[in-house]
Amino acid sequence: MKQMKDTLLTMLTPMLWGSTYIIASVLIPIQRPVFVAFMRAFPIGLLLLLWYRKLPKGIWILKSLILGSLNIGVFFLFLFIAAYRLPGGIASIIGSVQPIFVILFSWLLLKEKPALRSYAAIAMMITGVALLLVKPQMTIDFWGVAAALCGAVVMALGVVLTKYWRKPEGVSQMEFTSWQLFFGSLILIPAVYLMEGSVPVLTSVNLAGLALLGIVNTGLAYYLWFRGIEILSPVRVSLLSPVNPLTAFILGYIVLGQRISFIQIVGVCVIIASIFVSQRK
């Protein structure tokens with residue numbers, strides 16, 4: 001019963017991440033993805049750091065920089081490059097192969113032997129996401145595919161290293177989250193200026209959208225994500241990732257009035273089945 005509760009709490013993270021597109025498109029339509037990525041992580045990371053007033057010490061300064069870069073900074077860069085260079089949901093489809101790399105890194109670092117159901121769940125997951133998102137007559141950009149694949153590898157390594165190193169003794173989960181958000185967002189500062197130039201002018205609606213993304217979709221979401229990694233296995237956590245495009249698809253239908261085809265309904269059913277298979281004992 002407790003494991004089901006922990007799984008459902010962890011599942012809230014990809015659900016929140018799946019609402020990011022709706023929030024960004026409706027409240028922050030400024031076409032500055034790297035800036036938005038920076039604003040998602042840095043303000044909430046800094047606020048949490050100032051609130052708890054607990055900084056990493058010794059080797060944990062380096063570990064926090066590594067984990068923050070993998071889970072936040074570098075991952076966000078690859079994520080938004082892929083999103084801008086690839087059409088439709090191709091980036092999400094490629095990103096859905098992340099559990100494969102999580103299984104590999106878990107085997108190498110954690111000595112966890114993957115179960116057969118994990119492979120079955122991954123096959124179902126990729127099939128379901130493909131049915132949900134693939135549209136005809138799409139061109140594929142090589143660098144966009146490479147960025148999406150690199151993003152999947154980077155976050156997979158971040159997920160497994162988070163479990164491998166765990167958090168320091170006496171540090172709360174929220175404090176541990178604040179370290180990664182703050183240190184991970186630092187590398188996005190030069191990226192904003194090198195890739196997008198000056199800071200854009202923001203309206204009150206833009207600021208409200210950024211606050212929502214930062215507090216709920218990033219601060220709370222990553223807290224639940226890192227909590228899930230610590231309590232559950234990295235593989236089980238990563239296999240919840242198709243909830244992300246599933247949530248985006250459902251919200252697109254409800255909020256934006258996007259049409260749903262029969263093949264997409266089949267994709268929804270396959271994704272739900274893959275989650276059930278992946279979380280069985």
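A cavity is a set of points, on a 1 Å grid over the protein atoms alone, where a 1.4 Å probe fits but cannot get out; lining residues have an atom within 4 Å of a point. The structure is a predicted model, in which local features need pLDDT of at least 70, side-chain atom pairs count only at pLDDT 80 or more, and totals for chains, interfaces and linings use all residues. Residues are numbered from 1 along each chain as its sequence is written, and side-chain values use heavy atoms, without hydrogens and water.

A search of the whole structure finds one cavity of 30 Å³ or more. The volume, the space filled by probe spheres set on grid points joined across faces, edges and corners, is about 50 Å³ for the largest cavity. Thr162, Arg166, Lys167, Gln173, Phe176, Phe226, Ile229 and Glu230 line the largest cavity. Helices are DSSP runs (H or I, at least four residues), numbered from the N terminus. α9 (173-186) and α11 (204-231) each supply at least two lining residues. α11 gives the most, with three. The lining has three nonpolar, two polar and three charged residues (nonpolar: Ala, Val, Leu, Ile, Met, Phe, Trp, Tyr, Cys and Pro; charged: Asp, Glu, Lys and Arg; polar: the others, Gly among them).

The structure holds two salt bridges. One of them joins the side chains of Asp6 and Arg227 (2.9 Å, N to O).

Key: 1 Å grid on protein atoms, 1.4 Å probe; cavity = no way out; pocket = protein on both sides within 12 Å on 5 of 7 lines; lining within 4 Å. Salt bridge = Lys/Arg side-chain N within 4 Å of Asp/Glu carboxyl O.
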